Amino acid sequence: TLQRERNWLMRQNLHFNQAATIAQKAQDVITKAQHAGLDVADLQNALNTFNAQVATAKTSYDQAASILSSPAGFDANGNVTDAQTAHQTLASARNALQEAHLTLANASLTLRTAYQNWRLAHNL
């Protein structure tokens with residue numbers, strides 16, 4: 001179970017890399033649209049919200065990373081030394097990872113919806 005949580009942590013890191021790519025692409029769209037004279041205020045607000053949500057998710061991710069880097073209730077080889085403490089450690093890490101995941105998913109959905117609405121509003 002400890003290894004599963006550590007694997008989830010690694011996968012979450014990939015999602016943060018994807019979020020950075022998405023933010024950059026969104027900023028590129030905003031810049032091009034501004035040069036074309038289009039109103040991008042709603043899109044810029046959505047990107048700002050996205051970036052804030054990613055930062056919030058990163059805080060949860062960092063909490064999980066801290067928990068899993070030296071997990072209480074486990075020895076250096078990942079063997080359980082105290083079952084109750086190990087269970088609490090895994091539950092805390094899982095909760096932090098789940099919070100990060102849900103926050104990232106919500107951020108992506110919100111940005112995607114704002115982008116689709118912006119495109120519809122500008123007949124793009």
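Q: At roughly what angle do the axes of H2 and H3 cross in this model?
A: The model is a predicted one, and in it the axes of H2 and H3 come within 8 Å. An angle over 145 degrees counts as roughly antiparallel, and H2 and H3 are therefore roughly antiparallel to each other. The angle at which these two axes cross is roughly 165 degrees.

Q: How many nonpolar residues does the contact of H2 with H3 have?
A: Where H2 passes H3, the crossing is left-handed. The residues of this contact of H2 with H3 include nine that are polar and one that is charged, while the number of nonpolar residues is 20.

Q: Is H1 roughly parallel or roughly antiparallel to H2?
A: Helix H1 covers residues 2-35 and helix H2 covers residues 41-69, and their axes come within 10 Å and cross at roughly 160 degrees. Because angles over 145 degrees count as roughly antiparallel, the arrangement of H1 relative to H2 is roughly antiparallel.

Q: How many charged residues are there in the contact of H1 with H2?
A: H1 and H2 meet in a crossing that is left-handed. The residues of their contact divide into 18 nonpolar and six polar ones, and the charged residues number three.

Q: Is H1 roughly parallel or roughly antiparallel to H3?
A: The axes of H1 and H3 are 10 Å apart, and the two helices pack at an angle of about 20 degrees. Since an angle under 35 degrees counts as roughly parallel, H1 is, relative to H3, roughly parallel.

Q: How many polar residues does the contact of H1 with H3 have?
A: H1 passes H3 in a crossing that is left-handed. In the contact of H1 with H3, 16 residues are nonpolar and three are charged, and the number of polar residues is four.

Q: What distance does helix H3 reach from its first C-alpha to its last?
A: Helix H3 runs over residues 83-121 and so has 39 residues. At 1.5 Å a residue the expected span is 57 Å, and the distance reached by H3 is close to this, at 56 Å.

Q: Which residue just after H3 takes a positive phi?
A: The phi in question is about 50 degrees, and the residue that takes it, just after H3, is Asn123.
The angle is a positive one, and the residue named is again Asn123.

Q: Is the aromatic pair of Tyr115 and Trp118 stacked or edge-to-face?
A: The count of aromatic pairs comes to two, and Tyr115 and Trp118 form one with 6.2 Å from centre to centre and 25 degrees between the planes. Being three residues apart in helix H3, these residues are separated by about one helical turn. Because planes under 30 degrees apart count as stacked, the pair of Tyr115 and Trp118 is stacked.

Technical notes:
Residues are numbered from 1 along each chain as its sequence is written. This is a predicted model: local features need pLDDT of at least 70, side-chain atom pairs count only at pLDDT 80 or more; totals for chains, interfaces and linings use all residues. Side-chain values use heavy atoms; hydrogens and water are left out. Helices (H or I, at least four residues) and strands (E, at least two) are DSSP runs, numbered from the N terminus. The expected span of a helix is 1.5 Å times one less than its number of residues. Axes are lines fitted to C-alpha atoms, for helices over the stretch in contact, and angles run from 0 to 180 degrees between N-to-C directions. Angles under 35 degrees count as roughly parallel, over 145 as roughly antiparallel, 65 to 115 as roughly perpendicular and the rest as oblique. A crossing is left-handed if the near helix is turned anticlockwise from the far one by less than a right angle, and right-handed if clockwise. Ala, Val, Leu, Ile, Met, Phe, Trp, Tyr, Cys and Pro count as nonpolar, Asp, Glu, Lys and Arg as charged, and the others, Gly among them, as polar. Rings of Phe, Tyr and Trp (its six-membered ring) pair if their centres lie within 6.5 Å; planes under 30 degrees apart count as stacked, over 60 as edge-to-face and the rest as tilted.
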